[in-house]
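Let's take a walk through this one together, looking at a couple of loops and then at a pair of helices. Have the structure open and follow along.

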Amino acid sequence: MSTTIEQAPLQVGDRVEVEVGPVAHGGHCVARHEGRVLFVRHAIPGEQVIAEITDLGPKGRFLRADAVQVVEPSEHRIQPACPWSGPGRCGGCDFQHVDLGHQRQLKAQVVAEQFSRLAKIDLVELLGAEVVCEAVPGDDAGLGWRTRVEFAVSPEGMVGLRQHRSHEIVPVDTCRIAHPAVQANSVWSDTDEARKQRSGIEAIDVIATQAGVGVQRTPEVFSVPAPEQQRPPVVKESVAIEDNTWAFQLSARGFWQVHPGAATTFSQTVLSWLDARPGESALDLYAGVGLFARGLSEAVGRDGRVLAVEADRAAGGHGAQNLSSTRQATMRRDKVDRVVAGLRRSNESADVIVLDPPRVGAGKQVVGDMAALKPRAIAYVACDPAALARDTAYLKDVGYVLQKLRVFDAFPMTHHVECIALFAPVGHTGD
Ligand SMILES: C[S@@+](CC[C@H](N)C(=O)[O-])C[C@H]1O[C@@H](n2cnc3c(N)ncnc32)[C@H](O)[C@@H]1O
């Protein structure tokens, strides 16, 4: 007679030794223990680690864990540049322990896996090349790039950054991914006086803005809520492409690419891929303060037209200002969903479309309405590869196929990655 020894289910705080499997979307790797799936942070594929359970996951479908001890390290493991990264510390970075080249390989693997699983597309087969995650110019080997940092403030006035998936504040005195101008400000001051002055404040935003091309970035510091409920300041950014320099105003709390090289790199990619011609009509959907609309309006010229659509009141207002020097560009403060559905109902068309939706993506309805406008090219800027893969499948259903894809490491040390994809109608031969 054999005896089965029942294993007690794993609980938060339990430690198990596991072999670390592939990287997954979200900054962790997959491992298995007695049939259970563990998402392990601070690990690298191929390692043998002691994983400590940190969370039981929804309905017990998986467990979350931190690699608290490395039994057999990966050749890609390095000493983190930041003393505050690691299990139980600041939750801002996921990959400080991985060499930068390998971080990028892991991100490329995540993008390929999301396309395979959610769009049923083998990117190598479709595009004829391995997915590569490219550096964005302007950081210091993956450090010193974050131009916008929101510091948390405790009720006692202590400044820090939050732990992973937690409201706990880690009292950091440096942030190695923050831009040098952010690091140089006095927000770290931890004197009694500084703490007292911060009482009642929930967060402090420090942003390194760029007044003009080639101009030193300077930090702007403001609090949320501010002592006198003051509005966040209006700040200036700019983008220079070839002979053009475009200036943008925006609210200091409004959306702008965080990496100092991202706005220019993404604009260059979108504009060259869409290759809008004089007299054409273009849409900039989820336009923010008009980053892509500004360049598109230059390309279509005075005989063309550009419609930028942005739902946020403040961003739309600044966008209208930023586009006011070009007669052919209009900013509509409305929801993309409503605007593209209306254009479709009116049998409108658009020659080219750029969309840059929030993390959830555009969704089936917006994709269908966009396709009905019969654009010859669609450039999709995506901060979440899962949403991009889902929308790629919807685009395929309505006759648009992926032609090109670039993957950018616009957030080094974190798991985040930016993709730009070009779609054209089926039958288009590409170039
Ligand atoms: C990722 S940002 C892109 C902004 C801009 N393209 C840029 O690169 O600076 C997404 C923008 O979409 C806006 N947004 C989110 N949902 C929207 C919707 N349903 N309709 C219109 N705009 C929306 C947000 O306010 C935000 O400005």
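Is Asn 347 buried or exposed? Keep in mind as you look that this is a predicted model. Asn 347 has a relative accessible area of 72%, and anything over 50% counts as exposed, so Asn 347 is exposed. To find Asn 347, go to the loop that links helix 8 (336-345) with strand 17 (352-355). The backbone is worth a look here too: phi of Asn 347 is near 55 degrees, a positive value, and the residue isn't a glycine.

Lys 374 is another non-glycine residue with a positive phi, near 55 degrees. Its relative accessibility comes to 67%, so Lys 374 counts as exposed.

From the loops, let's turn to the helix pair. Helix 1 (residues 100-118) packs against helix 10 (residues 385-397), with an angle of about 35 degrees between them and 9 Å separating their axes. The crossing of helix 1 past helix 10 is right-handed. On the helix 1 side, the contact is made by Val 110, Val 111, Gln 114, Phe 115 and Leu 118. Helix 10 brings Pro 385, Ala 386, Leu 388, Ala 389, Arg 390, Thr 392 and Ala 393 to that contact. Sort the residues where helix 1 meets helix 10 by type and you get nine nonpolar, two polar and one charged.

Note on methods. Residues numbered from 1 in each chain as written. Predicted model: local features only at pLDDT ≥ 70, side-chain atom pairs only at ≥ 80, totals over all residues. Heavy atoms only, no water. Helix = DSSP H or I, 4+ residues; strand = E, 2+ residues; numbered from the N terminus. Buried < 20%, exposed > 50% of the residue type's maximum accessible area, 1.4 Å probe, protein only. Axes fitted to C-alpha atoms, helices over the stretch in contact; angles between N-to-C directions. Left-handed = near helix turned anticlockwise from the far one by under 90°. Contact = heavy atoms within 4.5 Å. Nonpolar A, V, L, I, M, F, W, Y, C, P; charged D, E, K, R; others polar.
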